[in-house]
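Trainee: Could you pick one part of this model and take me through it slowly? I'd like to see how you go from a single side chain to what's around it.

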Amino acid sequence: MYITIPKFKLLSPLRKWLDRIEINNPKLARFLCKLIPSQCPFERDISFLGHVLFHIPPMCKLNPLYNELIDLRFRALCYLADVCGEDVTSYC
């Protein structure tokens, strides 16, 4: 038996809009790379005296637009690297 997770139909227009954004400006690409983090900023280990007490898991994947935002950031990085010839390691 397969269980499918329904996608949020209300967010479908926003998903499509994010997927249609074309990166054709270096200033926009740099802005998106700085705006969208490469890692979840909430994930961390809580430690005391060198011992990990507990781990806070990444909660970014709970965002229903997570995949679209990561894809947008990737397209911006590719534009900067391929078209502009920039070193994108500073954005990673």
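**Salt bridges, and what else to look at**

Mentor: Let's start with Asp71, which is partly exposed because its relative accessible area is 31%. Keep in mind that you're looking at a predicted model. The side chain of Asp71 meets that of Arg75 in a salt bridge, at 3.3 Å from N to O. Why do these two sit about one helical turn apart? Because they are 4 residues apart in helix 3. Arg75 is partly exposed too, since its relative accessible area is 22%. To see how that works, remember that buried means under 20% and exposed means over 50%, so a value in between is called partly exposed.

How many salt bridges does the count come to? It comes to 3.

Now go to Arg15 and Glu68, whose side chains also meet in a salt bridge, this time at 3.2 Å from N to O. For Arg15 the relative accessibility is 11%, so it counts as buried.

The pair Arg30 and Glu86 makes a salt bridge as well, at 2.6 Å from N to O. Here, too, distant parts of the chain are linked, as Arg30 is in helix 2 and Glu86 is in the segment after helix 3, 56 residues apart. Arg30 counts as partly exposed because its relative accessibility is 29%. Glu86 gets that label too, because its value is 23%.

Tyr66 and Arg15 are 51 residues apart in sequence, yet 9.8 Å apart in space, C-alpha to C-alpha. Tyr66 is in helix 3, and at 25% relative accessibility it counts as partly exposed. Now pick His55: Arg15 and His55 are 40 residues apart in sequence and 31 Å apart in space, again C-alpha to C-alpha.

Helix 3 provides the largest share, 4 residues. What kinds of residue are in the lining? It divides into 11 nonpolar, 3 polar and no charged.

For a last stop, go out to the surface. Phe48, Leu49, Leu53 and Phe54 make a nonpolar patch there of about 490 Å². Take Leu53 as your example: you'll find it in strand 2 (residues 51–56). With 55% relative accessibility, Leu53 counts as exposed.

Methods: Residues are numbered from 1 along each chain as its sequence is written. This is a predicted model: local features need pLDDT of at least 70, side-chain atom pairs count only at pLDDT 80 or more; totals for chains, interfaces and linings use all residues. Side-chain values use heavy atoms; hydrogens and water are left out. Ala, Val, Leu, Ile, Met, Phe, Trp, Tyr, Cys and Pro count as nonpolar, Asp, Glu, Lys and Arg as charged, and the others, Gly among them, as polar. Patches are made of residues with over 30% relative accessible area and no salt bridge: like charges are joined within 9 Å, nonpolar side chains (Val, Leu, Ile, Met, Phe, Trp, Tyr) within 5 Å. Accessible areas come from the Shrake-Rupley method with a 1.4 Å probe; for residues, only the protein chains shown count as cover. A salt bridge is a side-chain nitrogen of Lys or Arg within 4 Å of a carboxyl oxygen of Asp or Glu. Buried means under 20% relative accessible area, exposed over 50%, partly exposed in between (1.4 Å probe, protein chains only).
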